[in-house]
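Take a look at the model below before reading on.

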Amino acid sequence: MNYATRFTGNNLMKNISTLIIIIKMKTSIKLSVLILALSSIFTLSTKAQTSTAPASAATRSGVILSVGPDGGVPVGSLHNSYNWNLGGSLQADFPIYNNQLYVTVNAGFDNFFAKTNDVTGLKGSDLQLIPVKAGLKFYPVGNFYIQGEAGASFVTDKNKVGADKSTAFVYAPQIGYQFPLGGKNYLDAGVRFESNTKFVDNGSNNNFFGLRVAYAFGL
């Protein structure tokens, strides 16, 4: 191997190392934003419980509907092909015990924005999902809640993304806080981890951390 070949090989390795560092930095920034959002929810919920917990808890009764945007950051193998996701969802909460325990039904839409291939310069196809979930939502203290849901995710663009399956099992544990806005109106903010089983044979689960901020109102 001559000097020119060694020099080219060294430059290639340096470029690859630099690219890996940039990708890791971008992922860390996105996860930091979600961690900051989660910390904000805990901080605000603590303050709200100290000052208005008795009054706000008393106003929550009956069926509650909520609608709002969803955003998230793919992790694991899903992050290899997609940068982030954005969508929206509609949810209904049905009380089953003392206005603390609710059955939830949620339906939404998520668009995962594809990355551009660094070698070819071509952008992949976005992944589009319609998740339909049901579960339980429990308020242990004031308006702070713990929620768990499971259901099915439907792939709307199966052929474009090269998926072998059009439906996947999905589950999503979540924590959040319901901020009272007056009367039976609320701002529902929650952070969740959502996992879909594999869309491709011999593939892996498709996971992301999500943030939902929705307007909620009691019926």
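## Barrel

This is a predicted model. Its strands form a closed barrel of 8, in the order 1-2-3-4-5-6-7-8, and the pairing is antiparallel. On average, neighbouring strands of this sheet are turned by 25 degrees against each other, direction ignored.

Strand 1 (residues 64–75) pairs with strand 2 in the antiparallel sense over 9 bridges. Here Val67 has Leu90 in strand 2 as its bridge partner. Strand 2 and strand 3 also run antiparallel, joined by 14 bridges. In this pairing Phe94 stands opposite Val103 in strand 3. Further along, strand 5 (residues 144–155) and strand 6 (residues 167–182) are antiparallel partners over 11 bridges. Ser153 stands opposite Ala168 in strand 6.

## Hairpins and positive phi

Strands 1 and 2 form a hairpin with 6 residues between them. Gly76 sits in that turn and has a positive phi of about 65 degrees. The hairpin of strand 2 and strand 3 has 3 residues between the strands. Asn98, in the turn, has a positive phi of about 55 degrees.

Asn99 lies in the loop between strand 2 (82–97) and strand 3 (101–114). Its phi is near 55 degrees, a positive value in a residue other than glycine. Is Asn99 buried or partly exposed? Asn99 has 27% relative accessibility, so it counts as partly exposed. Asn202 is in another setting: the loop between strand 7 (185–196) and strand 8 (206–218). Phi of Asn202 is near 65 degrees, again positive in a residue other than glycine. Asn202 has a relative accessible area of 78%, so it is exposed.

## Aromatic pairs

How many aromatic pairs does a search of the whole structure find? The search finds 9. One of them joins Tyr102 and Tyr139 edge-to-face, at 5.8 Å centre to centre and 70 degrees between the planes. Tyr102 lies in strand 3 and Tyr139 in strand 4, so this pair ties together parts that are 37 residues apart in sequence. Tyr102 is at 0% relative accessibility and therefore counts as buried. Tyr139 is also at 0% and counts as buried.

Tyr139 has a further ring partner, Tyr145. That pair is edge-to-face too, with 5.7 Å between centres and 65 degrees between the planes. Tyr145 counts as buried because its relative accessibility is 1%. Elsewhere, ring pairs link Tyr82, Phe112 and Phe208 into a cluster.

## Nonpolar surface patch

Which residues form a nonpolar patch on the surface? They are Phe109, Ile130, Val132 and Phe154, with about 300 Å² of accessible area together.

Val132 lies in strand 4 (residues 127–141).

Methods
Residues numbered from 1 in each chain as written. Predicted model: local features only at pLDDT ≥ 70, side-chain atom pairs only at ≥ 80, totals over all residues. Heavy atoms only, no water. Patch = residues over 30% accessible without salt bridge, like charges linked within 9 Å, V, L, I, M, F, W, Y side chains within 5 Å. Areas by Shrake-Rupley, 256 points an atom, 1.4 Å probe, with all protein chains shown as cover. Salt bridge = Lys/Arg side-chain N within 4 Å of Asp/Glu carboxyl O. Helix = DSSP H or I, 4+ residues; strand = E, 2+ residues; numbered from the N terminus. Pairing = 2+ DSSP bridges. Axes fitted to C-alpha atoms, helices over the stretch in contact; angles between N-to-C directions. Buried < 20%, exposed > 50% of the residue type's maximum accessible area, 1.4 Å probe, protein only. Phe/Tyr/Trp six-rings, centres within 6.5 Å; stacked < 30°, edge-to-face > 60°.
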